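The following note sets out points for a colleague to check against the coordinates. Please read it with the structure open.

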Amino acid sequence: MQDMFFIYIAILAQFFYAFAFLGDKFVVEKTIKHPSVFTFFINIFASFGILFWLADPRVPNQQELAIGIFSGVMFTVNMYLYFSALRESAASIVAPMFGGATAICTAILELFTGGSFGLNTSVGIVLLIAGI
């Protein structure tokens, strides 16, 4: 019974994603015309995440710092490309591509780090890539 609860949560999450994509589309078309401006503000607000560092204020080692910087740069590039795609195309086309790319990148990273997938995870990744 517990497993069925999570499928309902996953379905509900897809509706929230749909509203978020439509909201982003509205903002890119009507409010902020340039994807770079929207990306800038998203990154400014994302920077407040540094406040979580105050809970465990230690100096990261070089590997952690490199991963953090790389992740930040990739997030910025991803947001710019996402908002540019939303500006040029319909949200119903961009949203499955965005979700599919996330699933593909997650799968690749899992394989490079020596992980393995179970049947449920593999089916989930295929469904995400298919846009279902």
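In which helix is the place of Lys 25? Lys 25 is placed in helix H1, helices being DSSP runs of H or I with at least four residues, numbered from the N terminus.

1. Basis of the note. The model is predicted, so local features are given at pLDDT of at least 70 and side-chain atom pairs count only at pLDDT 80 or more, whereas totals for chains, interfaces and linings use all residues. Residues are numbered from 1 along each chain as its sequence is written, and side-chain values use heavy atoms, with hydrogens and water left out.

2. Lys 25. Because its relative accessibility is 13%, Lys 25 counts as buried; the term means under 20% relative accessible area, with exposed over 50% and partly exposed in between (1.4 Å probe, protein chains only). Setting aside residues up to four places away in sequence, Lys 25 touches Leu 86, Arg 87, Ser 89, Ala 90 and Ala 91, where contact means heavy atoms within 4.5 Å.

3. Arg 87. This residue belongs to helix H3, residues 62-88. With 40% relative accessibility, Arg 87 counts as partly exposed. Beyond residues up to four places away in sequence, Arg 87 touches Lys 25, Val 28, Lys 33 and Pro 35.

4. The nonpolar core. The largest such core has 11 residues: Phe 21, Val 28, Ile 32, Phe 38, Met 79, Tyr 82, Phe 83, Leu 86, Ala 91, Val 94 and Ala 95. Helices H1 (2-31), H3 and H4 (91-112) each supply at least two residues of this core, and H3 gives the most, with four. The term denotes a set of buried Ala, Val, Leu, Ile, Met, Phe, Trp, Tyr and Cys residues joined through side-chain atoms within 4.5 Å. In soluble globular proteins, nonpolar side chains tend to be buried together. Leu 86, apart from neighbours within four places in sequence, is in contact with Phe 21, Asp 24, Lys 25, Ala 91 and Val 94.

5. Packing of H3 and H4. These helices pack at an angle of about 155°, with axes 9 Å apart; axes are lines fitted to C-alpha atoms, for helices over the stretch in contact, and angles run from 0 to 180 degrees between N-to-C directions. H3 and H4 are therefore roughly antiparallel to each other, a label for angles over 145 degrees, with under 35 roughly parallel, 65 to 115 roughly perpendicular and the rest oblique. The contact is made by Asn 78, Met 79, Tyr 82, Ala 85 and Leu 86 of H3 together with Ala 91, Val 94 and Phe 98 of H4.

6. Helix H4. The 22 residues of H4 reach 31 Å from first C-alpha to last, close to the 32 Å expected at 1.5 Å a residue; the expected span is 1.5 Å times one less than the number of residues. Ala 91, Val 94, Ala 95, Gly 100, Ala 103 and Ala 107 are buried in H4. Just after H4, Gly 114 takes a positive phi of about 85°.

7. Helix H2. The buried residues of H2 are Pro 35, Phe 38, Thr 39 and Asn 43. They cover an arc of only 135° around the axis, which puts them on the same side of H2; the arc is that of the directions from the helix axis to the C-beta atoms.
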